[in-house]
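Here is a friendly walk through one protein chain, written for reading beside the model. Keep the viewer open as you go.

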Amino acid sequence: MVDFNALRARKGTNFSALTAKLDATGQTGGFKKDERIWKPAANKDNISSNIVRLLPIPYVDEVAVSEGKLKDTDLTPMATIIKHSFQGSNGWYIENSLRTFGEQCPVYAKDGPLWGIQKANGDEILKTALKKRLPSTIYYANVYIIKDGTNPANNGKVMIWEFGQKVRDLIETANKPKFDTDTPFDPFDMFDGANMILNLTYTKKKIGEKEFNVADFSTAKWAPQAPLADGNEAEMERIWKESHSIAEFYNRKHFKTFEELTAKYEKVMGAKGGTGSPAKPKSAEDMLKEMTSGTTEVKAAEIPSTPAPSVGKTADAPAVDDDMAAFEALMAGA
């Protein structure tokens, strides 16, 4: 049975467990919304004032290890999920990517040759089409809500925070500060960690054809290091035991197989042989012509031949320029 001493024993090791998990899955950097998910929200003045505390490897996952349901290497305080969300001629493709595990993804396999064509020809129309299919990276971690300035009903709750790259970067700098005058600390530690102060402003940004209210996290910062709940261990244990499973986000039931994802991609992109017939893959040439009507036609001989990657292998991502990287970062969450 796991008790509070297990939390004390892992003191200061949460970030290293996170790093080990990311290394194991080959990551360097869905899930349906439910009442557990928290994200800061703008008030009527278009600002958001919050104080939160990231929580360590959850109690429920520690128990699962003690019962043999999980391995110790499955433990992490934060999940990193890569996903695609884009619209094709036959509907939407909204799926978790196998690149979450460092494995090949059919979207990369199908679009990779097209990125090479776009780069060679400087085709801006093709570039725009391909940008829409870039993946986003979403992070999930347990968080104790000390103050939710917009929705105070959340105060005192343990929820799962869904966030993007800028918060991820802030977490990274806590453990690996930029300046040697700053003291590194485990941001998930209940004893020696620190609260995160989120005083945010929001602006409207257009992404594709839609306008979104995007938060500016540039003013987010860490408070001085201090134990959670003023060091009241009974309260710390209560909060820890209320945390939700993070290992569950990596459960394979949330991910389709490579073959299933390929069929879904081909269906969404309109690669069907007819009503009721099985999906028939389009060639790179057909896809290029479809997406670049009105532009200079590319001859079949000019399309690079790219062998299909093996399932379970990690292929290099298609080369993208700074504009693509910036777009992907925006889609990952400001």
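## Overall make-up

The secondary structure of the chain comes to 10 helices and 9 strands, where helices (H or I, at least four residues) and strands (E, at least two) are DSSP runs numbered from the N terminus. This is a predicted model, in which local features need pLDDT of at least 70 and side-chain atom pairs count only at pLDDT 80 or more, while totals for chains, interfaces and linings use all residues. Residues are numbered from 1 along each chain as its sequence is written, and side-chain values use heavy atoms, with hydrogens and water left out.

Of the 334 residues in the chain, 44% are buried; buried means under 20% relative accessible area, exposed over 50%, and partly exposed in between (1.4 Å probe, protein chains only). The accessible surface is about 17000 Å², and carbon and sulfur atoms account for 52% of that. Such areas come from the Shrake-Rupley method with a 1.4 Å probe, and for residues only the protein chains shown count as cover.

The average pLDDT (the predictor's confidence in each residue, from 0 to 100) is 81 for the chain, and 75% of the residues score at least 70. Over residues 287-334 the pLDDT is below 50. Confidence is highest in helix α7 (residues 233-241), at a mean of 98, and lowest in helix α10 (residues 322-331), at 42. Where pLDDT is low, the predicted coordinates should not be read in detail.

## Two nonpolar cores

A nonpolar core is a set of buried Ala, Val, Leu, Ile, Met, Phe, Trp, Tyr and Cys residues joined through side-chain atoms within 4.5 Å. The largest one here has 28 residues, and Trp161, Ile171, Met196, Leu198 and Trp222 have the most contacts inside it. Elements that each supply at least two of its residues include β2 (47-54), β5 (136-148) and α6 (165-175). A second, separate core has 22 residues, among them Ala79, Leu98, Ile138 and Phe255.

## A hairpin and a helix

Strands β3 (residues 78-88) and β4 (residues 91-96) run antiparallel and are joined by 6 bridges; two strands pair if DSSP finds at least two bridges between them. The hairpin connects β3 to β4 through 2 residues, and Gln87 stands opposite Trp92 in β4.

In helix α3 (residues 59-66), the buried residues include Tyr59, Asp61 and Val63, and α7 is part of what covers the buried residues of α3. After α3 comes Gly68, with a positive phi near 80 degrees.

## Salt bridges

The whole structure holds 14 salt bridges, each being a side-chain nitrogen of Lys or Arg within 4 Å of a carboxyl oxygen of Asp or Glu. In one of them, Glu103 pairs with Arg252, with the closest N and O atoms 2.7 Å apart. Glu103 lies in the loop between β4 and α4 (106-121) and Arg252 in the loop between α7 and α8, so the pair ties together parts that are 149 residues apart in sequence. Glu103 is buried, at 18% relative accessible area, whereas Arg252 is partly exposed at 42%.

Glu67 and Lys69 also form a salt bridge (3.3 Å, N to O), and Lys69 is exposed at 63% relative accessibility. Elsewhere, salt bridges link Glu95, Lys256 and Lys264 in a network.

Methods
Contact means heavy atoms within 4.5 Å.
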